[in-house]
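Keep the view handy as you read.

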Amino acid sequence: MSTEVKVSLMEQVQSNTRLSFWFHQTLSIIKLEIRKNFWGRRILPIYLFSLTPVAIFFLMNLYPTPSKSLGHPTTAATIFANIHEGVIVRTIVFFGCSWIFTNLFRGEILDRSLHYYFLAPVKRELIVLGKYFSGLIVSATLFISSTVVSLLLYYYPRGYEASMQYLLAGSGLKQAFMYLVITGLACFGYGVVFLVLGLLFRNPMIPAGAIYGWESINFLLPPFLKKVSIIHYLNSFRPVPISEGPFAIVAEPTPIWLSITSLLVIAVILLVFASYRIRSMEVNYTD
Amino acid sequence: MNEIVFDNVSKFYGEILGVNKVNLTIAPGITSFVGSNGAGKTTLMNLMTGLLRPTRGKITVLGTATDNPEELFRKVGYCSQFDSFPARVTGRRLIDSFLSLHGYSKNRREEMTNKALERVNLLEAADRKVAGYSKGMRQRIRLAQSIAHSPSVLILDEPLNGLDPMVRAETIALFKQLAKEGLHLIISSHILHEVDMISDRVVFLKNGYLVAEGEVQGVRTEIENRPMQILVRCNQASKLVAKLFELNRIVEAKLQKDRGAEVGSVIIRTYDADAFYRDLSQIVVDSSIAVEVIRPMDDDLNAVYQYLIGSEGEGQS
């Protein structure tokens, strides 16, 4: 074997070892962060917040309104689609993710504990990745669970048999699955946006409010501007179409494969930006 | 490669000066940063560990740039002044989590964690939550964390703060032991007599500028425009003073005679200590003066500090 080939092989082995080491370090960060995020004092409001749709459906069960009959499957599906869009995605997931992800770095700065990561032999880019995935796991677990319980509570008044019929024989199972996918992707998309906001701003809630406004007027935006949002790509997954009102500017929905690709591209771009940002970040805890 | 090098390093916080034009090379052993609050001690330490980025200049730690944490923190341990810890963490878990980021296996981590806890005498409290620790224990757990991975460079920002005298003595002994093992120990402290006791070298900082560096005695010798004080106790103190003035070797002499005796003490101020010692030997031989004591009055760190840093440091020794 020539020296050149040997060197090349050694480099490959080193590179593989390095990759596996980075993977191990990222996993360690994810584990540490998940523990912190699930049991930290900052998560308590999010537990309560994620229970809001559950509480709404629970109260709807306690005090059913005769005018809003869930008897017809199409009506029931449309009502749930509206609640999922308006309450779960646009409110609970949006604000829940803003809290979870902006606190990944901002919370550490407030607690004066960011230096623990910065003093470890870890590439700062891996800290961004580890924190992001831990936030994603925590937010997706909370909000997907909340969506599942909401679905169950929503269909519960129709009775066990009708619910099972809807879920297993009709289109219910596919719809339910798509709601969970939307909730998960919302965590994925909004999460990365809020992670960057937490790195850029001392008070990320102000830009988060601006993004909320932008996402809320998405239905009024011309087609090319609609694409500069997360909600536009999530709409591609809607199992039940919902009306956006008489003033909405209707645009051709983006195909699902393109929506997934777009969300991935947005996430990668923002994670690269966050990595660039964190490389030059200083710890002095005075700002 | 076996040194920490600051090459013309400046750090500004906006328009506020942190440190300016620092050129410094730190060899193995114990080096102490001395200076009043705001002198730039912590800034230098944070620059050395990459927590801050220099506005100008370059820092290398044993050949590694400070913007390469992956390599840097295999060699460096930093016990910072930040007195905050992740919530609900125990002492043991704090160190174990830190070592997990280094990539050590579970068994190895356990072994290294126990060793570090033992070195700071915190093994018994290891499974208690850090939030319940006393200030001294928190200081020690930070120290344990910084030495757990056996670094070659240990940076300690005010490491003796909050320690009771017993633990303080143990910690100083640990520092000396670590230095003996070939580590670079860089310490910042306000407690000058302790710095004096443990340091091989000192770096004096004032308002962000490095004003002097070297061994304490060496620094003192380099201060040429400040007269040095030397105490001489002998049997003919007045005669000695007169002879010294004749030779024009001293600038001031304070005579303190013992009551009813010819023996007395004289505190002499001179710009050229070496020449003074030579002349003194000659006078003693020529005049048959019996000298009991010759002692430099200001070779200790506090005196040097007063010379260099000024009255700001008075309350800190």
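Start in chain B, where α4(B) passes α5(B) in a right-handed crossing (the near helix is turned clockwise from the far one by less than a right angle). Helix α4 covers residues 106-119 of chain B and helix α5 residues 135-147 of chain B; they pack at an angle of about 135 degrees, with axes 9 Å apart. B:A116, B:L117 and B:R119 of α4(B) make the contact with B:I141, B:A144 and B:I147 of α5(B), where contact means heavy atoms within 4.5 Å. By class, those residues are five nonpolar, no polar and one charged.

A quick word on the ground rules: this is a predicted model, with local features needing pLDDT of at least 70, side-chain atom pairs counting only at pLDDT 80 or more, and totals for chains, interfaces and linings using all residues. Residues are numbered from 1 along each chain as its sequence is written, chains are lettered from A and ligands numbered from 1 in the order written, and side-chain values use heavy atoms, leaving out hydrogens and water.

Now hop to chain A. Helix α8 (residues 172-200) of chain A packs on helix α9 (residues 205-216) of chain A at about 150 degrees, with axes 10 Å apart, and this crossing is right-handed. Here A:Y190, A:V193, A:F194 and A:L197 in α8(A) meet A:P207, A:A208, A:I211 and A:E215 in α9(A).

Zooming out, chain A has 12 helices and zero strands (DSSP runs of at least four residues for helices, at least two for strands). Of its 287 residues, 46% count as buried, meaning under 20% relative accessible area with a 1.4 Å probe, protein chains only.

Conventions. Axes fitted to C-alpha atoms, helices over the stretch in contact; angles between N-to-C directions. Nonpolar A, V, L, I, M, F, W, Y, C, P; charged D, E, K, R; others polar. Buried < 20%, exposed > 50% of the residue type's maximum accessible area, 1.4 Å probe, protein only.
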